[in-house]
Amino acid sequence: MTNKLIIDGSHGEGGGQILRSALSLSAITGRPVRIEKLRANRKKPGLAAQHLTSVRAAAMLCDAEAKGAELGSQALQFIPRKPVRAGDYSLDVAHAREGGSAGAVMLVLQTLLPPLALATGVSTVMLRGGTHVDMSPSYDYVHDVWLPTLARMGVRAELFLVRSGWYPVGRGEVRLRIEGSGELLPLRQEHRGPLRAVTGRALVANLPAHICERMAAHARDLLEQAGMAAEIEAVVMKAACPGAGLYLTAHYENSLAGFGAQGKRGKPAEQVAEEACFALLHHYRSGAALEQHLADQLILPAALCRGESVFGVERISPHLVTNAWVVERFGLARIDIAPAADGTGFVKILASG
């Protein structure tokens, strides 16, 4: 096999993002990749249900051979056999594990979107699993922050929530429609400009309405004390199991920033509101254009653009540094990460092509 790239899955923060970025880039470039020591730095190393679903999803796009694609596997060989093609795709995280799974479908979506954004034609993707689960982007974050930011880079995509899915059952459903353009535009967000608005949704599923109303009211009070008026909607929805969360978006003149907190049994609604609001206020006081999670999620699409992308970030996280390392391993871009003394930093991404 020629030009195979070997990636150490234990590098840096050693999590699932190494796998997802490698899958996307392998599908886009057609370059075979072997990933070893998968998720070595996690409590349960190897492929979990949502990671296995990401492998299957990426393989569908380019008719790839995936050796080692099974639960718990700590090594994967991914060999694309065809260019990525636009089409209609359907995946369910529950199929990856007996008994089902609430694995995060937004992470699967983020694996699929860059290849489909570059493929000519219209694609639709139906994903079932967890839409609002801890340690992953929520549907609200992807819909309100990530996709609108990618739209500035030329990505034409729409995301719809059919049904929410929460831990531990999942069974949520989202539908994505994307018009592949074949080319992305660089992103420059050094400065965010003034804050224009704060919006959000306080969600509960299969729980009393007063819980989401308390989350929304407490969040409004906290932000008002900081001099911010916020429009936060309290929403009761149905799902396969109970769930709760608060998701906020800060709308700046030049950028968006998203923040969220998940509820769980025994955790007061007011604590959920405080976690989300304090994260928003921390970012606001940093003065940075992007919050840390959005920055590391833009590294890969920015590497696919012609020209230089530049953005300021609230914090240079290990996740960001690790993702930059994966992208550079494919030789697609040179990435300069410049931390500042106050903990913020700037990221410059210059595509090699």
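Predicted model: local features only at pLDDT ≥ 70, side-chain atom pairs only at ≥ 80, totals over all residues.

**Around strand β6**

- Start with strand β5, residues 88–92, which pairs with strand β6, residues 121–129, in the parallel sense over 5 bridges.
- To get from β5 to β6, the chain goes through helix α3, residues 105–118, and this β-α-β crossover is right-handed.
- If you'd like a spot to check in that pairing, look at D88, which stands opposite T124 in β6.
- β6 also joins strand β8, residues 172–180, through 9 bridges, and these two run antiparallel.
- Here M126 has R175 in β8 as its bridge partner.
- As a bit of background, strands of a sheet pair through backbone hydrogen bonds, either parallel or antiparallel.

**S138, in a loop**

- Follow the chain into the loop between β6 and α4 (139–151) and you'll find S138.
- Is S138 buried or exposed? It has 6% relative accessibility, so S138 counts as buried.
- Leaving aside residues up to four places away in sequence, S138 touches M106, T131, H132 and Y247.

**A four-strand sheet**

- Now turn to an open sheet of 4 strands, which has mixed pairing and the order β9-β14-β16-β15.
- The edges are taken by β9 (188–189) and β15 (333–339); each has a single partner strand, so one side of each is left without a neighbour in the sheet.
- β9 and strand β14, residues 308–313, run parallel and are joined by 2 bridges.
- In that pairing, Q189 has F311 in β14 as its bridge partner.

**A302, in a helix**

- A302 sits in helix α7, which covers residues 292–303.
- With 0% relative accessibility, A302 counts as buried.
- Which residues does A302 touch, not counting residues up to four places away in sequence? They're M153, S309 and I349.
- There's also A351 to look at: A302 and A351 are 49 residues apart along the chain, and their C-alpha atoms are separated by 7.8 Å.

**The second largest pocket**

- This pocket has a volume of about 160 Å³.
- Its lining is made up of 12 residues, and the closest to the pocket's centre are G182, E183, L304, C305 and R306.
- How do the residues of the lining divide? There are 7 nonpolar, 3 polar and 2 charged.

How values were computed. Residues numbered from 1 in each chain as written. Heavy atoms only, no water. 1 Å grid on protein atoms, 1.4 Å probe; cavity = no way out; pocket = protein on both sides within 12 Å on 5 of 7 lines; lining within 4 Å. Points joined across faces, edges and corners; volume = space filled by probe spheres on them. Nonpolar A, V, L, I, M, F, W, Y, C, P; charged D, E, K, R; others polar. Pairing = 2+ DSSP bridges. Right-handed = clockwise from strand over helix to strand, strands pointing away. Buried < 20%, exposed > 50% of the residue type's maximum accessible area, 1.4 Å probe, protein only. Contact = heavy atoms within 4.5 Å.
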